[in-house]
Amino acid sequence: MGAESGRAHGGGRPVGAGAGSSGGWSGGEPGRQPLRVPRRAGARGGRYAASPDTSGKSSALYIVNVERNSKIIYTWKGNERNTHIGLYDLQTKQNEHLYMFERDLRIISCSVNNERTLLAVSFRQYTEEERVSRLLQSVSKYLTLLIEIHPINNVRVLKAVDSCVQVQFLYPVEGRNNSTESRLLLVSEDKYIEQFDIHVAEEEHKVVIQNSGQLPRARVADDLIWAQWDMMEQRLFYIVPKESRSTLKCVQFYPDESFNSILESHLDISVNDTQLKLKCSFPDVRMAELGCKAFEFSHMMNVRISSTSSELAFTSKYRNGWTMLQLVNFGYNHCQGQDVASKSLNLQVFTSKAGGLCVCCSLASDTPDEIRYSIYFLHKGYNKTFTVSLERTESHQLKEVAFMNLDYYVAAYLPGQFLHLLNIEHPDLLCYSLFLTGEDARIDMLQNCSIQSPLMSTVLDCCVGSMYAVSISDSALLQFLQNSKQDSERLAALHCALLYFRHTEDLEMQIIWWISENLSTCHSFDPIQEFIIASLYCRMCPETHNLDKLLPYTSLLDWIGIIPGVTCATDIISLPVLEFQNSKGFWEKLNSNLESVKYAEPHLHYHSNVLRREWRNLSEEREERRTTAYVRNIFENAKKVLSHLDTWDSEERLVPLFQEEDYQQQLLMGLMVAQLKDHLMRHLQYVGKKKIDQIVLDYVANLLNLVHRIMKEVWRRYQLHSCIFCFDERGSTGEFAVFHIMSRILEAANGMCMPLPPGFHTLHFGLGVRCLPLHTLLHYIDTGVLHLTETCVGKLLKDLDDTEKNEKLKFSIVMRLPEALSQKVRQFWNHPINANFIARKYVKLLLEKLGNRQSSSPMPERLSVPVEFLPLNYLTNMLAEIENQGVHPYEKQDHVNVRFVEETALKHTMTFLGLKYS
């Protein structure tokens, strides 16, 4: 095999029990030798790109451990039943032989340090029957060794006991390759964990252990009844019993060789204090092949199996009906199952990059057709207990829920029954979690099997024997969104697409298309509001720490819907206690999450109640009051937003927006900038004013850009062009569809009090004129669905001729114009009806000013030919008297005066009598 083994001398002599004793073990030659390649393997590559020899009398390979640097430790029985230990590198696809025992040993646990100079091995020497038959009562059942393997040299016995021991080297930060000190964790089923400090030195091209006596050790934890190792972050979670409830603790190991207990949280979980059970990442794993394969499941929530990790085929056995608890990367004790008959608690701790901390626990159920499990959202201060009624139960189906960590989600999976994706960041409302059943929850390659999640986004199939990198399939998610029949499914899938996959142009386009087709099918939420708010949240929150706690992520305040077959009970729990100083990364984010819970998190999110009230007040103010410094500052904010937006999109816009000024929308833009800035300044005091100004401008500009993005996609989909203001033609089917979508956008904007791009109301009104019959058009104007703008009304009055139908349309529009707008656009319609209306309005305004005031001013200029029409003469004299008192309602329209009223009245009367006016 290219390497000699360590050899046990002295026949049946018991192995020494003290640390620092060689124990009769000797080393062989250097371990970095290429393994013999069987012909069927077809391996290619460099010196170490070989496959272990499993031909002849040798057995299959068993995975023992996976280190932090993604190197897999495995073992196999070679010729003459020798026990080999090898290392496989997932990155380079190379194998390396580490050590060989000339005995048939049952390896329990194995770990190699980062420099690959030390190997820790724990194994079972004899079974109880073998020990009795060989009269070896004084020989310990389990042995833990520390072996120098660079080159193979001395062997030290760390433990020789009758209890099982797991070993795990700690790994330093990435980039630190050479170190003279290694640290090793030993976990004993006697309910304690200790750390060994090992100093090494290089002597004559070999690395040896410096400590001549016993190795320095430190006790990490005592009296624990459950433990879990976080390999990537070098954290140890464990549970100790305290009176009626258990306490979850966490020890963080640091690169500077220190460690400390950093977290304590009380859990109302009953854990039998009988024996420490270690659920290892990799069970009794028979590795049949090493190779990179990629798969993608064909059903909803297809777990995408990517090539980021090798597929490792193996078999797994459960002995005596006992399911082991998880201790990630501590290896597998394949002997322990023979000693323990009771089932252990199915409990796991998951963390997320955003500072989420969850405890997932499967609970016993009194009803055979129900499954119960709890998720403790420790970073939120509550837990949710779910009871799921199973659709069908068969005797051979598993009844144990498997938990998977997908970072943004925690998945509870029962093969053949359901897949529940629970939102870690926003677990308060059930509508943000996906509950899938039937074909949607079926994963072809993971059917009716036991599943573990040793790492984030990693699944280990214990029955078939494959390890996969998992993620949610965007194509399957969109298909599920298209086929969903319930609002809870639609909302959960929509948020998953927007917040889990983040910002992608193609995905955003497909979501907009789905929204345009399903506006009338969503009854309990507005999909446009959810799209805009979730997209803004996704785009803005990565910019600044804690911004996710201040910006809204949904338009919903509550959810009263139900998920068929699922009941949920929520309980408030005590928040974890953290003890750390100047800690960064996960602990800083977790502490921030806990602080936001203490200060009533819902009240931290920005909302539009104050904005709506202020906007309404400013909109109703008189024009002369709109020139104050406060209002001028608001409009300056709006100009900054629009200029900021122009820098993003310099190309010619497909949709005719941003081409005019809109007083109301610019007022709302400026107000939103001012109020959002005040909100962030209160809670982000450590962020500079300049940074906050930029965040606010980005937020409002992104909001307008998202509305424009929706318009652009529907414009393309229905193949519209920008020349839609030809009012003498009727609108097409596509234009009517776009009009309907714009009406829903307006409704969504009103609900959230958010600004719309300038020109939106003009475009909306133009489509309304082309697509709606007159009575519907007027109804939409009266109810506020359509807003009259100067641009569109002016174009309508100028472009349409004065046919009877058009006169009716124009007059109906003119009658509904606000006074300020009326004075600007009526001049575009040179028609007796318009003149008559203006004259009436002018007379009304003058008469409202008439009081008991008397004047002796001279008579105003009248028509050159006196009119002997006493009522009209009396009216014009009275109006002239009021004008001479300085009352001029239409100061900007000089031609509207008493003479205009007199001439218009005569024209209207002559026309009414059928006489010709000259």
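Trainee: In which loop is Asp407 found?

Mentor: This is a predicted model, in which local features need pLDDT of at least 70, side-chain atom pairs count only at pLDDT 80 or more, and totals for chains, interfaces and linings use all residues. Residues are numbered from 1 along each chain as its sequence is written, and side-chain values use heavy atoms, with hydrogens and water left out. Helices (H or I, at least four residues) and strands (E, at least two) are DSSP runs, numbered from the N terminus. Asp407 is found in the loop between strand 27 (402-405) and strand 28 (409-414).

Trainee: What is the phi of Asp407?

Mentor: Most residues other than glycine have a negative phi, and most peptide bonds are trans. Asp407 is a residue other than glycine with a positive phi, and the value is near 70°.

Trainee: Is Arg116 buried, partly exposed or exposed?

Mentor: Arg116 lies in the loop between strand 5 (106-112) and strand 6 (118-124), and its phi is also positive, near 55°. Buried means under 20% relative accessible area, exposed over 50%, and partly exposed in between (1.4 Å probe, protein chains only). Because its relative accessibility is 24%, Arg116 counts as partly exposed.

Trainee: Which residues does the cis peptide bond join?

Mentor: One of the two is found in the loop between strand 7 (142-149) and strand 8 (152-161), and this is Pro151. The omega of the bond is about -5°, and the residues joined are His150 and Pro151.

Trainee: How many helices and strands does the protein have, and what share of its residues count as buried?

Mentor: The secondary structure comes to 19 helices and 35 strands. The share is taken over the 918 residues of the protein, and the value is 56%.

Trainee: What share of the contacts with a separation of 6 or more comes from residues 24 or more positions apart?

Mentor: Contact means heavy atoms within 4.5 Å. Among contacts in the protein with a separation of 6 or more, residues 24 or more positions apart account for 61%.

Trainee: Which residues have the most contacts inside the largest nonpolar core?

Mentor: A nonpolar core is a set of buried Ala, Val, Leu, Ile, Met, Phe, Trp, Tyr and Cys residues joined through side-chain atoms within 4.5 Å. The largest has 135 residues, and those with the most contacts inside it are Ile532, Met711 and Phe765.

Trainee: Which helix gives the most to this core?

Mentor: The contribution of this helix is 15 residues, and its span is 689-717. The name asked for is helix 10.

Trainee: Which residues does Met711 touch?

Mentor: Residues up to four places away in sequence are not counted. With those set aside, Met711 touches Val655, Leu657, Val738, Met742, Ile745, Phe760 and Leu763.

Trainee: What do the buried residues of helix 2 pack against?

Mentor: In helix 2 (residues 474-483), the buried residues are Ala476, Leu477, Leu478, Phe480 and Leu481. They pack against strand 30 (434-437), helix 3 (487-500) and helix 4 (505-517).

Trainee: What is the relative accessible area of Ser475?

Mentor: Ser475 also has its place in helix 2. Its C-alpha is 9.0 Å from that of Leu507, which is 32 residues away in sequence. Ser475 is partly exposed because its relative accessible area is 43%.

Trainee: Which helices are included in what covers the buried residues of helix 13?

Mentor: The buried residues of helix 13 (residues 774-782) are Thr776, Leu777, Leu778 and Ile781. Just after helix 13, Gly784 takes a positive phi of about 85°. The cover over the buried residues includes helix 12 (760-771) and helix 15 (804-815).

Trainee: Is Tyr99 buried or exposed?

Mentor: Tyr99 has its place in strand 4 (residues 94-101). Its C-alpha is separated by 5.9 Å from that of His84, 15 residues apart along the chain. Because the relative accessible area of Tyr99 is 0%, the residue is buried.
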